[in-house]
Amino acid sequence: MPTSPPVLTDLLARRTRFARSDAIRDILAAGAAPGVLSMAGGLPAPDTFPTEELARILDRVLTESAAAALQYSPTEGVPAMREVLARLASATGAPVTADRVLVTGGSQQGLDLVAGILLEEGDVVALDDPSYLGAVQSFRRAGARLLPIPSDADGMDTDALEERLTAGARCKVVYVVPHFHNPSGAVLSVHRRRHLAALAEKFGFVIVEDDPYADLAFDGTRQPSVDMLSERVVRLMSLSKTLCPGLRVGGLVAPASLVPELAGAKQCADLQTNTLGQHVLARLLADPGFLPGHVARLQDFYRGRAGHLSGLIESRLPWLDFERPRGGLFFWCTVTAPGIDSGSLARTALAEGVAVVPGAPFCIERDGSRNLRLSFATLTEAQLLSAVDRLSAAFEKASVALESHR
């Protein structure tokens, strides 16, 4: 006799109740629907992937070292990949040796590993408000309590953080995205970097520095890592936006005392990161002539698309306020028209064939009901024009609906 499938949710671990959000999945699913122009997910443009270089190096790897590249590899990472990441980290921050590097399955895994070894239920994590949704989910899944700190164009308001700490708040981790913050686009100022480092020394917390967008500076400038100012920094290193996300190879740099614990947590999670991807990327990034030119092309590419979208918003969406992004992949906008919230507008926009992200999922205490995050990365100039026109049509429909209910 056929029976109904068992309902097993009563067996779920307690921690699963701390982070029950489908927002990222919903964002990506909405943007993937046929006929929809997606300004939703933070995906890099496929046009920027170094496919020819990767194909050439993949052929060399499979010809010269297939046995090693297709085999299990150390949990900490293939030695050549750890060396490459150490050199990249040292070029943009404090000098670091390969033994302090852990290769991860993208920087998101690094974030999850850090949360897993540092946080117990009830521990406090301070972070920007609004903040990266993937970090919010990881910290909540670990059982952490979130301490939202106001932010502006210069990043986290470290004066506000100091006030909270002086008043008695005790956080174990402070999480920052220092360059072209997701979603706000903020860049943590030099003064605030120094202040944050001083607060870490004074109050004893760990700074988790998540920096996937630093190479996407439209003017080519980049501030050094906060680890230049403090030894209490775990630095998450992503290659997804600079190279490509599909290989799922990233890394982290941690204080020496934390590396064995992080490696142990990773061993439990997946044993190791994609060996073939590590061999390919280690060779690609070891070529001194590749990365500078590639990064310069990325900056030109995204600067052009961001500038095009800026002009379209200014000319066709006068009800949308924004600051021109200085880098990264996003516009963080505010709906200025009274009575229209970004959540309902996003739903209407999807019906018109354009996916955008309302601000509320990124916010902890702040009211994000009038914010929208728009990504310009994957759409051509012609598609950006169509997407903006569809968003304009959605706004007109939302305005008519609002008037009809008055």
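Student: How far apart are the closest N and O atoms in the salt bridge of Lys 172 with Asp 123?

Tutor: This is a predicted model, so the value is computed from predicted atoms. Lys 172 supplies one side of the salt bridge and Asp 123 the other. The closest N and O atoms are apart by 2.8 Å.

Student: How many residues apart in sequence are the parts that this pair ties together?

Tutor: Lys 172 sits in the loop between helix H7 (158-166) and E6. Asp 123 sits in the loop between helix H5 (106-118) and E3. The pair therefore ties together parts whose separation in sequence is 49 residues.

Student: Is Asp 123 buried or exposed?

Tutor: The cut-off for buried is under 20% relative accessible area. Asp 123 has 17% relative accessibility, so Asp 123 counts as buried.

Student: And which class does Lys 172 fall into?

Tutor: Partly exposed covers the range between the buried limit, under 20%, and the exposed limit, over 50%. Lys 172 has a relative accessible area of 31%, so its class is partly exposed.

Student: How many salt bridges does a search of the whole structure find?

Tutor: Side chains of opposite charge can pair when their charged atoms come close. The search covers the whole structure, and its count of salt bridges is twelve.

Student: Which residue forms a salt bridge with Arg 305?

Tutor: The closest N and O atoms of this pair are 4.0 Å apart. Arg 305 is in helix H11 (residues 291-316), and its partner is in the loop between strand E1 (37-38) and helix H2 (51-64). These distant parts of the chain are 258 residues apart. The partner is Asp 47.

Student: Of that pair, is Arg 305 buried or exposed?

Tutor: Buried means under 20% relative accessible area. Asp 47 has 55% relative accessibility, so Asp 47 counts as exposed. Arg 305 has a relative accessible area of 9%, so Arg 305 is buried.

Student: Which residue forms a salt bridge with Arg 316?

Tutor: The closest N and O atoms here are 2.9 Å apart. Arg 316 lies in helix H11 and its partner in helix H13 (residues 381-404), so the pair ties together parts 73 residues apart in sequence. Arg 316 is partly exposed at 38% relative accessibility. The partner is Asp 389.

Student: Which residues are linked with Arg 60 in a network of salt bridges?

Tutor: This network includes one Glu and another Arg besides Arg 60. The residues linked with Arg 60 are Glu 64 and Arg 283.

Student: How many disulfides does a search of the whole structure find?

Tutor: A disulfide needs two cysteine sulfur atoms within 2.5 Å. Take Cys 333: the closest cysteine sulfur, in Cys 363, is 13 Å away, too far for a bond. Cys 333 is also buried, at 0% relative accessibility. For the whole structure, the number of disulfides found is zero.

Student: How much space lies in the largest cavity?

Tutor: Rolling a probe the size of a water molecule over the atoms shows where empty space is left. The search finds one cavity of 30 Å³ or more. Its lining includes Asp 128, Met 156, His 181 and Leu 188. The space in the largest cavity is about 40 Å³.

Student: What is omega for the cis peptide bond that joins Asp 129 and Pro 130?

Tutor: Pro 130 lies in the loop between strand E3 (124-129) and helix H6 (133-141). Another cis peptide bond joins Asn 182 and Pro 183, with omega about 20°. For Asp 129 and Pro 130, omega is about 10°.

Student: What is phi of Leu 271?

Tutor: Leu 271 is in the loop between helix H9 (259-270) and helix H10 (275-286). Leu 271 is not a glycine, yet its phi is positive. The value is about 70°.

Student: Which residues make the nonpolar surface patch of about 260 Å²?

Tutor: One of them lies in the loop between helix H3 (66-69) and helix H4 (79-91): Leu 70. Leu 70 counts as exposed because its relative accessibility is 58%. The patch is made by Leu 58, Leu 62 and Leu 70.

Technical notes:
Residues numbered from 1 in each chain as written. Predicted model: local features only at pLDDT ≥ 70, side-chain atom pairs only at ≥ 80, totals over all residues. Heavy atoms only, no water. Patch = residues over 30% accessible without salt bridge, like charges linked within 9 Å, V, L, I, M, F, W, Y side chains within 5 Å. Areas by Shrake-Rupley, 256 points an atom, 1.4 Å probe, with all protein chains shown as cover. Salt bridge = Lys/Arg side-chain N within 4 Å of Asp/Glu carboxyl O. Helix = DSSP H or I, 4+ residues; strand = E, 2+ residues; numbered from the N terminus. Buried < 20%, exposed > 50% of the residue type's maximum accessible area, 1.4 Å probe, protein only. 1 Å grid on protein atoms, 1.4 Å probe; cavity = no way out; pocket = protein on both sides within 12 Å on 5 of 7 lines; lining within 4 Å. Points joined across faces, edges and corners; volume = space filled by probe spheres on them.
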